[in-house]
Amino acid sequence: SDLMKESIKSVLWKFNMNRALYEYVDKFYVNSLKESDRIRSHNYKVLKEAVAEEKVVLQHWNEVNFIDFSVNIDQDEQITEGKEIQAKCQVWLGEIPAQFLKVEVFYLYDEEKTFETIPMELEQTTGNGSFYKCSFKLLGYGPQDINARVRPANKIVENLHPELIKWVN
């Protein structure tokens with residue numbers, strides 16, 4: 001029927017092999033080539049740094065622990081979309097230099113279907129641990145969850161070791 005042919009014609013451009021191959025090449029091969037060039041540059045400097053960081057992080061990962069995590073809405077009875085959230089945490093990094101790790105807020109919202117990661121900024125390091133903070137706005141309504149995690153800062157180390165992640169308990 002004409003209606004069926006028109007329906008097929010209207011969506012055909014979205015579902016064809018040329019588009020699929022283009023997206024595959026664009027999303028995977030182009031990014032891989034760029035990353036490969038970055039790793040090879042300056043006599044593999046980036047890779048050598050990643051290997052050195054990986055060694056330290058793996059050796060001392062068991063020492064990393066959250067001491068404290070708080071957000072400024074813990075005691076609020078009612079919160080609304082757009083409210084500015086202040087998150088703070090204290091993390092024991094052990095022998096791992098702070099620049100080898102990233103601490104971030106993991107914010108789950110939209111009926112717990114969508115998430116964002118918000119980098120936390122290092123405020124100071126003392127004998128009692130490293131103190132981080134960040135701020136962000138609440139999005140949407142309904143059930144939401146705010147947590148913190150620590151991971152390797154180096155993308156190569158992070159990709160090689162997805163198991164290296166610690167959450168606030």
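Predicted model: local features only at pLDDT ≥ 70, side-chain atom pairs only at ≥ 80, totals over all residues.
Visitor: Why is Glu104 called buried?

Guide: Buried means under 20% relative accessible area. Glu104 has 7%, so Glu104 falls in that class.

Visitor: What makes Glu104 and Arg149 a salt bridge?

Guide: The cut-off is a Lys or Arg side-chain nitrogen within 4 Å of an Asp or Glu carboxyl oxygen. Here the closest N and O atoms are 2.7 Å apart, so the pair qualifies. Glu104 lies in strand 3 and Arg149 in strand 7, so the pair ties together parts that are 45 residues apart in sequence.

Visitor: Is Arg149 buried or exposed?

Guide: Buried. Its relative accessibility is 9%, and the limit is under 20%. Glu104 and Arg149 also belong to a salt-bridge network with Lys102, Arg151, Lys155 and Glu158.

Visitor: Thr114 lies in strand 4. Why is Thr114 called partly exposed?

Guide: Buried stops under 20%, and exposed starts over 50%. Thr114 has 28% relative accessibility, so Thr114 sits in between. From Thr114 to Asn159 is 45 residues in sequence and 22 Å in space, C-alpha to C-alpha.

Visitor: Why do Glu84 and Lys137 count as a salt bridge?

Guide: Their N to O distance is 3.2 Å. The limit is within 4 Å, so the pair counts. Glu84 lies in strand 2 (residues 84-92) and Lys137 in strand 6 (residues 129-137), so this link ties together parts 53 residues apart in sequence. Glu84 is partly exposed at 32%. Lys137 is partly exposed too, at 48%.

Visitor: What makes Arg40 and Asp37 a salt bridge?

Guide: The closest N and O atoms are 2.8 Å apart, within the 4 Å limit. Both residues lie in helix 2, three residues apart, about one turn of the helix. Arg40 has a relative accessible area of 42%, so Arg40 is partly exposed. Asp37, at 46%, is partly exposed as well.

Visitor: How many salt bridges does this rule give?

Guide: Nine.

Visitor: Which residues make the nonpolar surface patch?

Guide: Tyr24, Val25, Phe28 and Tyr29, with about 420 Å². Take Tyr29, which is in helix 2 (residues 17-60). A patch member needs over 30% relative accessible area. Tyr29 has 48%, so Tyr29 passes that test.

Visitor: And what gathers in the patch of negative charge?

Guide: Asp110, Glu111, Glu112 and Asp145. Asp and Glu count as negative. Glu112 is found in the loop between strand 3 and strand 4. Its relative accessible area is 44%, and the patch threshold is over 30%, so Glu112 clears the threshold.

Methods
Residues numbered from 1 in each chain as written. Heavy atoms only, no water. Patch = residues over 30% accessible without salt bridge, like charges linked within 9 Å, V, L, I, M, F, W, Y side chains within 5 Å. Areas by Shrake-Rupley, 256 points an atom, 1.4 Å probe, with all protein chains shown as cover. Helix = DSSP H or I, 4+ residues; strand = E, 2+ residues; numbered from the N terminus. Buried < 20%, exposed > 50% of the residue type's maximum accessible area, 1.4 Å probe, protein only. Charge placed at Lys NZ, Arg CZ, Asp CG, Glu CD.
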